[in-house]
Amino acid sequence: MGIQIIGAGMYVPETIVSNEDFAKIVDTSDEWITTRTGIKTRHIADGELAYQMGAKAALRALEDANMAVEQVDMVLVTTVTADCLTPSLACMIANEIGIEDAICMDINAACAGYVFALDIAKKYLDSGDLQTVLIVSAEMLTRMIDYTDRSTCVLFGDGAAATIVKKSDSLYASCIKSSPKGAMKIYTKLPEPKHPFQTKTYRWNDEDVAKAPIGMIQMAGNDVYKFATTAMPQAVELAAQKANISLDEIDLIIPHQANVRIINTAIKKLKLPPEKFYINIEEFGNISSACIPLGLAQLKAAGRLKQGDKICLVGFGAGLTYGAVIFEY
């Protein structure tokens, strides 16, 4: 059994910040950012929260599928930037769009989150207990960006995307993996616990982590680059092997949009035509788990997804997580 994406929707904030805008607040330039990342602009939330962006994307996906909220059996939300530690962003989004009875839960697999969620949805649908899963990827990376750090602040944007997933008698294969040894290559710390019974100081095992600022994303850029350029093509190859197809049979690959150089390196390693890869990083930057479903929503709206197309989604992120799924549209 495979999956069928019957609806897709996206939402990005109206505020657009260009490379030239960043050059006014940090020591950088349009040329520096473009040549190193491929990013020109990114959308940034101004007065709206992650659950509100996710709700808008979800409603657009439901409209695209011509489906009522009552038909949703499960809401899976992928995010690293939820508005609350509890309740889940999934419950908040479900409540916002009027879902009264559905399984709701969040998944934190960082930028690979949508790939993980799609595989989880597929397995729930296989069980026969559910008919329809709404996956929402809602990210507000600007919540944890240090705007004095030119190496990270220019990379990220905000936005949300959603898909409606049902089961289908079609091709499906996945490769979902993690490399926990790299857990602290990308991280954002929460404040330390405070309580009246405290007698000891909380200590991180890693001194660099201990000194890192609270609430701001920290990233070992070179290490992440090396990991990503190996993990992405490996995941695609393993998923293709499980699907019993050659790489050449894949019609379209939608990669996580972290850095255009990472994508180009993956293209070279896979020895596939660049035309098979969908790249929109220039306009949106890195929106973590929302990158891949946003690409799906754009392609569906443009009529570029054809029945029978073999589509590969591949991502990597903090954790370190990575994975790919191949399905027939």
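This note goes through some local features of a predicted model, point by point.

1. Residues are numbered from 1 along each chain as its sequence is written, side-chain values use heavy atoms, and hydrogens and water are left out. Because the model is predicted, local features need pLDDT of at least 70 and side-chain atom pairs count only at pLDDT 80 or more, while totals for chains, interfaces and linings use all residues.

2. T37 belongs to helix α2 (residues 30-37), where helices (H or I, at least four residues) and strands (E, at least two) are DSSP runs, numbered from the N terminus. With a relative accessibility of 4%, T37 counts as buried; buried means under 20% relative accessible area, exposed over 50%, and partly exposed in between, with a 1.4 Å probe and protein chains only. A polar atom of the T37 side chain lies 2.6 Å from the backbone oxygen of I33, and the T37 side chain also reaches the backbone nitrogen of I39 at 3.0 Å. Leaving aside neighbours within four places in sequence, T37 is in contact (heavy atoms within 4.5 Å) with L155, N259, V260 and I281.

3. Helix α8 (residues 221-243) has 23 residues and should span 33 Å at 1.5 Å a residue, which agrees with the 33 Å between its end C-alpha atoms; the expected span is 1.5 Å times one less than the number of residues. Among the buried residues of α8 are V224, F227, A228, A231 and A235. An α-helix has 3.6 residues a turn, so residues three or four places apart point the same way.

4. N244 is found in the loop between α8 and β11 (252-255) and, at 68% relative accessibility, counts as exposed. S288 also has a positive phi, near 50°, and lies in the loop between α10 (281-284) and α11 (291-301), but at 3% relative accessibility S288 counts as buried.

5. In helix α4 (residues 89-97), the buried residues include L89, A90, M92 and I93, and what covers the buried residues of α4 includes α3 (50-65), β4 (74-78), β5 (103-107) and β6 (133-140). Just after α4, G98 takes a positive phi of about 90°. In the loop between β4 and α4 lies P87, which is joined to T86 by a cis peptide bond with omega of about 5°.

6. A cis peptide bond also joins G319 and L320, with omega of about -10°, and L320 is placed in the loop between β12 (310-317) and β13 (321-328).

7. Taking a disulfide as a pair of cysteine sulfur atoms within 2.5 Å, the count comes to zero. The sulfur of C84 is 11 Å from the closest cysteine sulfur, in C91, too far for a bond, and C84 is partly exposed at 31% relative accessibility. For C153 the closest cysteine sulfur, in C111, is 17 Å away, again too far for a bond, and C153 is buried, with a relative accessible area of 0%.

8. Y187 lies in strand β9 (residues 186-187) and is buried, with a relative accessible area of 14%. The C-alpha atoms of Y187 and I217 are separated by 5.7 Å, although the two are 30 residues apart along the chain. Not counting residues up to four places away in sequence, Y187 touches D208, V209, A212, M216, I217 and Q218.

How values were computed: Polar contact = N/O pair within 3.5 Å; in protein donor to acceptor, adjacent residues only side chain to side chain.
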